[in-house]
Amino acid sequence: MRAVIVPVTPFQQNCSVVWCPQTQQGAVIDPGGDLDRILAVVRKEDVTLSKILLTHAHIDHAGATAALARSAGVPVVGPHRGDKFWIDGLAEQGRMFGLGNAESFEPDQWLDDGDRVGLGQGEFEVRHCPGHTPGHVTFYSAPDRLAFVGDVLFAGSIGRTDFPGGDHDTLIRSIRDRLFTLGDDVRFVPGHGPMSTFGDERRGNPFVSDAAVRAAAR
């Protein structure tokens, strides 16, 4: 799988254009905004868009989804149904954060833990990772040892849990049980900031490292 990260919106959210190099079939993960920048990458890499993938439905990740789906004529896949209330409120989110005319939409496919999403000759394994939002999912390419984790985990930090539907303990379990178990060598693209590996975070992240979890259990 090939990927180009495109930071979008004033929140510098890591939208990703991903594609199968054998077929050039591709997807946009989390089109939060700045569609001109996203589509410029699609054209430069000669990608044929076949779907939109969503980790969750906060405005900086999903704000331009309806517009892209309509203009490109592609289906929206994800997130988990637990984020329906966030999708329904996208217009209000847009007004609150000054991010333009965001629209609600109905995904063509809701995702569940263990689902697989094909892309050309490749596929992503879906892991439901609630905590930041109830319906947050992540996308994992096993052959590439690469995961797209949205706002679940960052280099040196974790996602916020003070939004409606967030829960700190649930987020920690999602990271430890559904991400770290994929292996220390797995690289991940977070929703914001630089890439890292699950091993680096398991060793040094002050919120979810082995040492932090042991200290919290005392």
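**Reading strands and helices in a predicted model**

Modeller: Let us begin with one pair of residues in this predicted model: Leu-146 stands opposite Arg-187, a residue of strand S12.

Colleague: How do strands of a sheet pair, and in which sense do strand S9 and strand S12 run?

Modeller: In general, strands of a sheet pair through backbone hydrogen bonds, and the pairing may be parallel or antiparallel. Here strand S9, residues 146-150, and strand S12, residues 187-190, run parallel and are joined by four bridges.

Colleague: In what sense does S12 pair with strand S13, and what lies between them in the hairpin?

Modeller: S12 pairs with strand S13, residues 196-197, in the antiparallel sense over two bridges, and Phe-188 is found opposite Ser-196 in S13. Five residues separate the two strands of this hairpin, and in its turn Gly-193 has a positive phi of about 85°.

Colleague: What is the order of the strands in the open sheet of five, and which are the edge strands?

Modeller: The order is S1-S2-S3-S4-S5, with mixed pairing; the edge strands, each pairing on one side only, are S1 (2-8) and S5 (76-77). Within this sheet, strand S3 (residues 25-29) runs parallel to strand S4 (residues 48-53), with five bridges joining them, and Gly-26 has Leu-49 in S4 as its bridge partner.

Colleague: Which helix packs on the sheet and touches S3, S4 and S5, and which one lies across S1?

Modeller: Helix H3, residues 65-72, packs on the sheet in contact with S3, S4 and S5, and its direction makes about 150° with that of S4. Helix H1, residues 35-44, lies across S1, S2 (13-19), S3 and S4, and runs at about 160° to S1.

Technical notes
Residues are numbered from 1 along each chain as its sequence is written. This is a predicted model: local features need pLDDT of at least 70, side-chain atom pairs count only at pLDDT 80 or more; totals for chains, interfaces and linings use all residues. Side-chain values use heavy atoms; hydrogens and water are left out. Two strands pair if DSSP finds at least two bridges between them. Contact means heavy atoms within 4.5 Å. Axes are lines fitted to C-alpha atoms, for helices over the stretch in contact, and angles run from 0 to 180 degrees between N-to-C directions.
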